[in-house]
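Subject: A structure to look at

Hello,

Please have a look at it first and then read on.

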Amino acid sequence: MPEESLPGFLLRLACRLERSPARIGELCGLSTMHRRLSAGYLLTLPPHVGGALAGAARLSSAEAQGLTLAGSGLTSTYSPLRTTRLDQSRNHAAARRRWAVDLSSRFCPQCLAGDGSPVQDALGGAWKLRWHLPVVFACTKHSTLLSSTCPQCGNLANRPPRTERPGLLMQRAAVGLHPAQCRQPLGGPRSAPTESHHCCGGRLDQSASKKPLLTSGDLDRVLAAQLHIERELFTAPAQGAENDPYFFLDLIAVAQLIKCSWPSGVSLVGSARFCELIDSHAVAITRQPEQARGRDYPLSNPWPAPDDAVQCAALLVTAVETLSLRHEGDAEFRDRVHPLARAAFERLTPNQAASFRRMDFSPALARALARKFNGFHRAGGHPGSNLRTPSRECLFAIEHVPALLPTAWWDLHSTALRGRMASPTNWNIRHLRRAAALKLAEMAAGGTWSECAEALGIPWATAQQSLRVLKRILEPTQSRAEFDRLVELIARNLDSDPQRIDYANRRRSLLPWSLSKEAWSEVSHGLKTLGGARTSPSPAAATALVWAQVTQGDYLHSPVLRDLRSSGRDTQHVVASVNQILRAACHRKGEKALLLDRLGCYASRLAHVCDQTRGSRPMTDEFTTEQHLPVRENERARW
């Protein structure tokens with residue numbers, strides 16, 4: 001039958017041929033030791049097993065594999081299934097925790113009752129593969145919730161007792177049961193499993209007359225959410241239609257946050273009945289930290305989906321509706337999700353919180369979940385944490401971020417922020433410019449501030465000091481908001497700039513570079529008063545200044561000064577020389593100011609060469625000065 005599962009197919013064969021499912025499995029080549037039917041066959045059939053089943057049941061290979069989740073194509077759209085194994089009982093438990101699959105199928109009684117055809121009147125309708133997925137909780141064909149338990153015994157349809165190893169079917173040796181009868185064992189001798197009266201036998205295809213579980217409005221929300229889920233489930237990427245690769249990963253993550261933070265998410269639910277249902281499922285989880293005190297054994301795991309289809313529907317409808325905010329902007333989505341994450345992580349144990357952070361989800365959800373420290377997003381402690389994600393959707397990359405925000409950028413956008421600063425000294429502003437560069441790097445590449453500092457070539461201690469200054473100066477909430485607005489404006493400018501500069505390429509190109517003696521002789525030509533003192537301008541100081549202008553970095557972190565420090569030599573004279581040139585330039589007079597102008601011209605042409613030689617080997621002083629940067633005749637005359 002269309003969408004029929006392998007367990008359902010075996011039950012129909014067993015009923016029609018009046019044999020046990022174990023015997024049918026043996027005839028079809030499915031049995032393993034002790035005539036077990038492996039739970040892993042629900043996911044996929046090994047080629048030799050699939051061939052044996054196809055030959056015995058007169059099926060094509062595609063039809064035999066189509067009885068499994070992988071063969072039906074669901075593994076290509078339902079992402080939790082892709083890395084799932086069910087060849088051992090412990091892996092089945094892991095699959096349940098990840099919401100990948102559950103051997104205990106939910107069911108629609110009307111679907112199991114059949115469609116009125118002779119074969120379905122005799123043997124019932126198909127047990128559907130989709131019913132094994134935790135995200136399927138309603139039948140959109142009959143506009144009803146699925147059932148989870150037998151109306152007669154109240155047990156799950158195919159969940160064995162804890163003492164029994166999970167398999168493809170319960171009571172596989174029982175004979176004479178209809179495919180729609182409950183196979184839960186009743187109390188009795190285990191030595192006689194072949195007789196049907198040792199099973200419950202309740203009919204699952206007969207709806208029990210009960211009071212409606214949901215109002216018509218709530219049921220409409222359930223069916224709308226289920227239709228949305230089914231569109232994602234049954235839209236194959238190969239068909240060329242758009243489907244969201246992160247939909248199910250985000251759906252499960254948000255559902256976990258809602259129940260682990262409950263009742264923090266009450267405002268998201270929008271239904272008193274849904275609140276009751278989520279509360280009945282979440283209460284056991286939220287009380288676990290108190291119940292675990294003084295116990296030597298772990299309590300039940302909080303991660304699996306609710307077994308009850310109605311509870312699961314309430315949880316997933318809320319999660320689907322919350323996820324719809326992803327398309328309305330990061331701020332709106334974060335405002336809804338971040339409080340849930342904060343409450344959930346406070347309640348979960350460190351191991352459980354770490355497990356959650358290692359889950360896969362979209363960049364939008366990762367940004368909403370990311371914690372902040374001094375205004376910066378904090379990535380999780382695990383190296384593979386999915387919270388290491390850009391904190392903004394950027395058109396620019398981290399390569400386009402300089403290590404020190406250019407003065408022109410700062411002056412253009414910092415008017416409001418400077419008005420709120422009590423002491424806008426050059427020293428403070430320099431640290432804020434560096435912090436802004438770190439924030440831009442985090443927006444573009446994600447990760448912690450220390451990782452961003454490393455990518456920009458900023459020493460860890462310097463970055464930390466800048467963040468301390470940032471925290472002290474921007475203590476009022478309004479000042480921090482102004483700083484965030486400033487960085488956002490610069491990010492928008494970078495997004496819209498079609499000629500963004502690759503500062504990372506410039507830093508790489510100038511790693512081995514230094515101003516040669518010939519170039520220094522030319523830029524200092526005619527400047528008679530520069531020599532003499534130990535701190536007078538030198539080629540090393542000029543190299544640091546040119547490097548800082550080309551890369552828009554801090555001259556203190558230039559390769560020439562870094563090499564002096566690493567070799568144990570004194571850098572004081574070079575730093576003092578640079579500061580002399582910069583102080584003279586403030587007054588715009590004297591030969592040191594003229595020298596700085598010449599170095600600026602030289603830096604502009606050097607920057608052009610770096611941008612033209614992107615991806616080539618790093619430049620040396622001979623490569624840049626002799627081949628590309630001769631002093632121009634008009635400049636020589638002007639000097």
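Which residues form one aromatic cluster? They are Tyr78, Phe247 and Phe248. Before I go on, a word on the basis: this is a predicted model, in which local features need pLDDT of at least 70 and side-chain atom pairs count only at pLDDT 80 or more, while totals for chains, interfaces and linings use all residues. Residues are numbered from 1 along each chain as its sequence is written, and side-chain values use heavy atoms, with hydrogens and water left out.

**The aromatic rings**

The whole structure holds 5 aromatic pairs (ring centres of Phe, Tyr or the six-membered ring of Trp within 6.5 Å; planes under 30 degrees apart are stacked, over 60 edge-to-face, the rest tilted). Tyrosine 78 and phenylalanine 248 make an edge-to-face pair, with 5.0 Å from centre to centre and 80 degrees between the planes. Tyrosine 78 sits in the loop between helix H5 (74–77) and helix H6 (89–97), and phenylalanine 248 in helix H10, so the pair ties together parts 170 residues apart in sequence. (Helices are DSSP runs of H or I with at least four residues, numbered from the N terminus.) Tyrosine 78 is buried at 0% relative accessible area, and phenylalanine 248 is buried at 2% (buried is under 20%, exposed over 50%, partly exposed in between, with a 1.4 Å probe and protein chains only).

**Helix H10 against helix H14**

The axes of H10 (residues 247–260) and H14 (residues 309–323) come within 9 Å and cross at roughly 120 degrees (axes are lines fitted to C-alpha atoms over the stretch in contact, and angles run from 0 to 180 degrees between N-to-C directions). Among the residues making this contact are Phe247, Asp250 and Leu251 of H10 and Leu315, Leu316 and Thr318 of H14 (contact means heavy atoms within 4.5 Å).

**Aspartate 250**

This residue of helix H10 deserves a visit of its own. Aspartate 250 is buried, with a relative accessible area of 0%. Beyond its neighbours within four places in sequence, aspartate 250 is in contact with Leu323, Arg326, Phe361, Ser362 and Leu365.

**Helix H9 against helix H14**

H14 also packs with helix H9 (residues 216–233), at an angle of about 65 degrees and with the axes 9 Å apart. In this contact, Arg221, Val222, Ala225, His228 and Ile229 of H9 meet Ala313, Val317, Val320 and Glu321 of H14.

Best wishes

How values were computed
Helix = DSSP H or I, 4+ residues; strand = E, 2+ residues; numbered from the N terminus.
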